[in-house]
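Colleague: I would like to learn how to read individual features of a structure like this one, with the cut-offs behind each term. Please take me through a few of them.

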Amino acid sequence: MSAFSKVGLLAISLLGCTGYLGGGERRALGEGGASSVAGSGSGGQLPSGACSASVPLRRLTNFEYENTLRDLFPGFDLGQPGQDVPGDVVDHAFVFDNRASTQGLSATHVDSYGQVAERVARLVTSDAVFTGCDPTSGTDACFEQFLATFGARAFRRPLTAEETSRIRGTFASVKAGLGFQQAMQAAIERVLQSPQFLYRLELDSAGAGPRARLGTHELATRLSYLVLGSTPDTELAAAAGDGRLSDRAVLLAEARRLLQQDRARRTFEHLFDQWLGLPAVEDTNKDQALYPRFSSEVARLMLDETRTFLARVLLEGEGGFGRLLSADYTFVNQPLADYYGLTPVPGGETLQKVQLPPGRGAGLLGQGSFASLHASDKTSHPIKRGVFVRTRLLCDELPPPPGNIPPAPMFTGHETARELMAKHSAAAGCQGCHELIDPIGLGFENLDAAGVWRELDVDGLPVDASGYVSQGGEIEGPFVGVAELGAKLSGSPKVHACMARQFFRFSFGREPFASDGCTLDELTSVVAGSGDYAALVLRLVESDAFQYRGE
Amino acid sequence: MKPSLSRRRVLRAAGFALTLPFLRSLEPRAARAAEGAAKRLVLWYQPDGDMEEKPYWFPRGSEQDFLLGEVSGVLEPVKQELIFLHGVHNGTPAGDCHSDYMPQMQTGGTRVDSIDQLIAAGLTGATPFSSLEFGVGTDREASNGGRLSFKGGVALAPEADPNQMFLHVFRDRASSGGSPPADDAQAAARLKLLHEKRLSILDGVLEELGAVSGRVGQEDRLLLDQHATAVRDFEKTLSALNQSMGEAAPASCGMPVLDVSALGGQTQWHGGIDNASVPNLDKIAKVQQDLLLLALRCDMSRVVTFMYNRSLSSQTFEFLPVVNRTTISHLFAHTWRTTPEMESDFLLIKKWRASMFLQLVQALAAIPEGAGTMLDQTLLVWMCEMGLGSHAPSNIPFVIAGGGGAFRTGRFLQYGGAGEPHQKLYLSLAHAMGVPLASFGGVSEALPGLV
């Protein structure tokens, strides 16, 4: 019996208890209200052995930090505060920018958080409409009112009496020497540098213990950062504040509402940009003697193509995860169709859906962005392509290349990639790993280094796009060309599990442990059933792992 | 031989008269050793090792009498200021060569504290910044494998944008055009209050971190502890800057001015490993090195890491007369041997970097300090994470310039047999800086022959 079916049953019975399956019947749980810092909790405790997940302490990534500031201070020109802080650590194997264990701060972070806070505070305190307080003649009472509202939004829950008193202390001491506006600024600066703002703390204020249901404010925060990459909006905060969010149906309804927002698409793009490494396409250079038609404009269109494809397939009902690696269509405008040599489409900038010729449909694996990104300036690069499939789609961990490797053979214009690879990987000690990588990468040989389909290789030789997957479980064995590879991968349980794993990493900021198998199984079933992005998010939100504290 | 020639003048002249260095090399190199500990350390990094099996880098000859190769020959004008090392290995290689050797090497395999940070922590004379990290075309977001400096397990990212670096180092002085805006008493008092405000906010953050830290699990606490350390470090910087507000900057500092006119319109500063290449890299390098010199002249820090790109970099070199204008750094490192054009291109790249090192040595030697020049009191170390771009951790092309009064220069030191691990060299650097580090990366002996 797989972990999934066991836990699946458990989860369904739990959902039944809360009335979710009954169609959204609301239950007012706990006391709720603005006075509770954790918000309403009391969703009970998960039985021992039920599916739960520990969630590490997470600092706002620069993406989330900037989104959050924009949402806290709407209408102000804040610049790009996420760019003013040192870049996030992006672990090669982890792929995403939010790995909690790598989020340690340096003095430069502290400095830049302070500078951004000063800049923002100066800007917003000069606006009496925003603060409700006149910068020159504001009163302490006015400040108190501002602090209660602003503090609750920034900390994503009401301030405690102690916190209010501390910030009031900062305000009072600065006011004595520098006046009201500076004191307001200091209070805002303090909030924006507080660990309560910079981290998503899930302190168990109520002492509910492990496996207890999260408080409503904590749930709201998890939900909002998952879907929007930002702080809860007024509606969600209100549902947390009055305790309604403890109702699973309300939580799900809020998740659906947030998924409809434009900001949700921004998070979706952020996820896939990182997973697939897409934005780097725009930095790609090609040898102009070999690929005179490739340009930064073409690269930009290729990025558009893939982003449009992802949105249509995963957000707009064009087939879900099952089409990601097997769609026999893509989205191009006239210049891009010309570049690829596809059937002309009507003029204009807008990308339109076009059917691909037979044998070329492999979803994003057949697109120019993938092919030209995973290539050198002169040749296709079967190693890069194979490594992408292995690490990003199959979640394999490849051992590092050995020391003292022989020089890579050079392309002089007359060698096929297959010939070059054969030379390079023949050496003793290289074959083991390259056997996992190269035969997959060689299956992409119809796509040249600049992303264009070709039937002929160097010196007019026909392209040989035969390949095979070794150590690939169900998909082990030979294939010819990207369409066959895409079909193999699309049906592969290993690929489904890997996609679930990538989403898990993105959602939890850590690698899954063995105990997360139950959560991964839930997510995998969405991918395997060709669900879309919303289905994946909703499945996570309704899971116990999302709603309850870990062990 | 002209005994009246001061070293400074020679170094200035060296770029124009190729015969002068030869004269220079005939001069006896009296040991400046034991004059005292070196005052500052600059680790100058370039990626992907060297072109080892060709006679491009390592000198040939004996300790005192040696000839330079085609790449190292760029440094001929300052040969007597240098110590070339042969046979020093990366003693702590593990994991992926391109994404692990850099942090492995700098931390001696611990991935907690890098040698520059260990030395910075041991220095007693406080400068505003315990260390500075400069980048040229370095990545903004990287795995820790793309970093050299670590403190308490946290990577210290280099700053690749000179404008940002200038503001970072000079702050109020930068925005007020050199001198602190303390013209009238009222303004000075206000500035003091603003500084106090900053410090009191940070104290508040520390207090909150302390309160929260006891309520989270052990792994989460590590993040909060790292944060608290970072706040304390930055408080020290702020306090030191505040204290120096009223004081005169060192005479050699003058008015901090950054000339970025060569980089007008530049918007991209960060490179990476995924195709990102930074345009005008040569101009950025020049400005960053000028800024490094300025920071040293103003004694803003005594420990600096200066980094050119990184291992696995996607940098291209179209600013040099290379044939392969779109070929990236990483590919050059692996394929330079395969065609004559690749080889000559790679030579151009290596020689360009060497010329940047030369500029730095010459510039340091042109700034008077104490009885001599700034170079005399500086340990400037050319370093690399590999011996060869093809992943070999052996025989790293280290060069030490200046000697900091602790090491005798103008030499070529060869460590035969199994060679020596780099930990010994790093331990020697610490000792030369007056930091009595007992061991580094599991090694507790210094590198023989340097003193």
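Modeller: Let us begin with burial: in helix 20 of chain A, the buried residues are A:V495, A:H496, A:C498, A:M499, A:A500, A:Q502, A:F503, A:F504, A:R505, A:F506, A:S507 and A:F508. Buried means under 20% relative accessible area, exposed means over 50%, and partly exposed lies in between, with a 1.4 Å probe and protein chains only. Helices (H or I, at least four residues) and strands (E, at least two) are DSSP runs, numbered from the N terminus. This is a predicted model, in which local features need pLDDT of at least 70 and side-chain atom pairs count only at pLDDT 80 or more, whereas totals for chains, interfaces and linings use all residues. Residues are numbered from 1 along each chain as its sequence is written, chains are lettered from A and ligands numbered from 1 in the order in which they are written, and side-chain values use heavy atoms, with hydrogens and water left out.

Colleague: Why is helix 20 of chain A described as largely enclosed by the rest of the structure?

Modeller: The description holds because 12 of the 16 residues of helix 20 of chain A are buried. The helix covers residues 493-508, and from its first C-alpha to its last it reaches 22 Å, close to the 22 Å expected at 1.5 Å a residue; the expected span is 1.5 Å times one less than the number of residues.

Colleague: What caps the N-terminal end of helix 20 of chain A, and which residue follows the helix?

Modeller: The cap is A:S492, which places a side-chain oxygen 3.1 Å from the backbone nitrogen of A:K494. A polar contact is a pair of N or O atoms within 3.5 Å; within protein, one must be able to donate a hydrogen and the other to accept it, and residues adjacent in sequence count only if both atoms are side-chain atoms. After the helix comes A:G509, with a positive phi near 70 degrees.

Colleague: What covers the buried residues of helix 19 of chain A?

Modeller: Seven of the 10 residues of helix 19 of chain A are buried, among them A:L485 and A:L489. Their cover includes helix 16 (382-393), helix 18 (431-441), strand 5 (466-469), strand 6 (477-480) and helix 20 of chain A, where contact means heavy atoms within 4.5 Å.

Colleague: Which side chain does B:D139 join in a polar contact?

Modeller: The partner is the side chain of B:R310, at 3.1 Å. B:D139 lies in the loop between strand 6 (132-136) and strand 7 (149-151) of chain B and counts as buried at 4% relative accessibility. Leaving aside neighbours within four places in sequence, the residues in contact with B:D139 are B:R147, B:H270, B:G271, B:G272, B:I273 and B:R310.

Colleague: At what angle do the axes of helix 7 of chain A and helix 6 of chain B cross?

Modeller: Axes are lines fitted to C-alpha atoms, for helices over the stretch in contact, and angles run from 0 to 180 degrees between N-to-C directions. Here the axes of helix 7 (residues 180-193) of chain A and helix 6 (residues 185-213) of chain B come within 10 Å and cross at roughly 35 degrees. The crossing is right-handed; a crossing is left-handed if the near helix is turned anticlockwise from the far one by less than a right angle, and right-handed if clockwise. Among the residues that meet are A:Q182, A:E189 and A:R190 from helix 7 of chain A, and B:R190, B:K197 and B:E208 from helix 6 of chain B.
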